[in-house]
Amino acid sequence: METTTLNISGMTCGHCVASVTEELEALDGVDKVSVDLNAGGISTATVTANRSLSPAELGEAVAEAGYLVVGADA
């Protein structure tokens with residue numbers, strides 16, 4: 001299992017959390033997503049997957065939800 005923590009900007013509410021969670025969970029190989037909302041600041045999403053996910057894959061999923069990845073820790 002691989003775990004990556006994403007720093008995400010632009011999230012302000014529970015709907016934001018649900019949108020990001022849904023897009024990340026749709027990625028092939030993702031087992032678990034946990035999003036910690038920091039309204040108006042930098043929120044974090046921790047993604048656990050059974051394969052390596054590229055920064056581009058993760059960033060595209062978050063962008064599909066309407067937000068921006070501003071950093072990541074593998």
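Select Leu53: beyond its neighbours within four places in sequence, Leu53 is in contact with Asp28, Val30, Val47 and Leu58 (contact means heavy atoms within 4.5 Å). This is a predicted model, in which local features need pLDDT of at least 70, side-chain atom pairs count only at pLDDT 80 or more, and totals for chains, interfaces and linings use all residues. Residues are numbered from 1 along each chain as its sequence is written, and side-chain values use heavy atoms, with hydrogens and water left out.

Stay on Leu53. The residue sits in the loop between β3 and α2. Helices (H or I, at least four residues) and strands (E, at least two) are DSSP runs, numbered from the N terminus. Is Leu53 buried or exposed? Leu53 is buried, at a relative accessible area of 13%. The cut-offs are under 20% relative accessible area for buried, over 50% for exposed and partly exposed in between, with a 1.4 Å probe and protein chains only.

Next, select helix α2, residues 55-64. Its buried residues are Leu58, Ala61 and Val62. Looking down the axis of α2, they fall within an arc of 95°, so they line one face of the helix. The arc is taken from the directions from the helix axis to the C-beta atoms. Turn to the other side of α2: Glu60 and Glu64 are exposed there.

What covers the buried residues of α2? Show β1 (2-9), α1 (14-25), β3 (42-49) and β4 (68-73), which are among the covering elements.

Step past the helix. Gly66 follows α2, and its phi is positive, near 105°. Draw a distance from Gly66 back to Leu53: their C-alpha atoms are separated by 19 Å, with the two residues 13 apart along the chain.

Now go to α1 and pick Thr21. Thr21 counts as buried, at 16% relative accessibility. Not counting residues up to four places away in sequence, Thr21 touches Val33 and Val35.

Select Leu68 in strand β4. Leu68 is exposed, with a relative accessible area of 52%.

Finally, select residues 2-70, listed by UniProt as "domain: HMA" in an unreviewed entry. Over this range the chain is 32% helix and 38% strand, and the end C-alpha atoms lie 20 Å apart.

Conventions:
UniProt positions renumbered as here; feature names shortened; annotations may be inferred.
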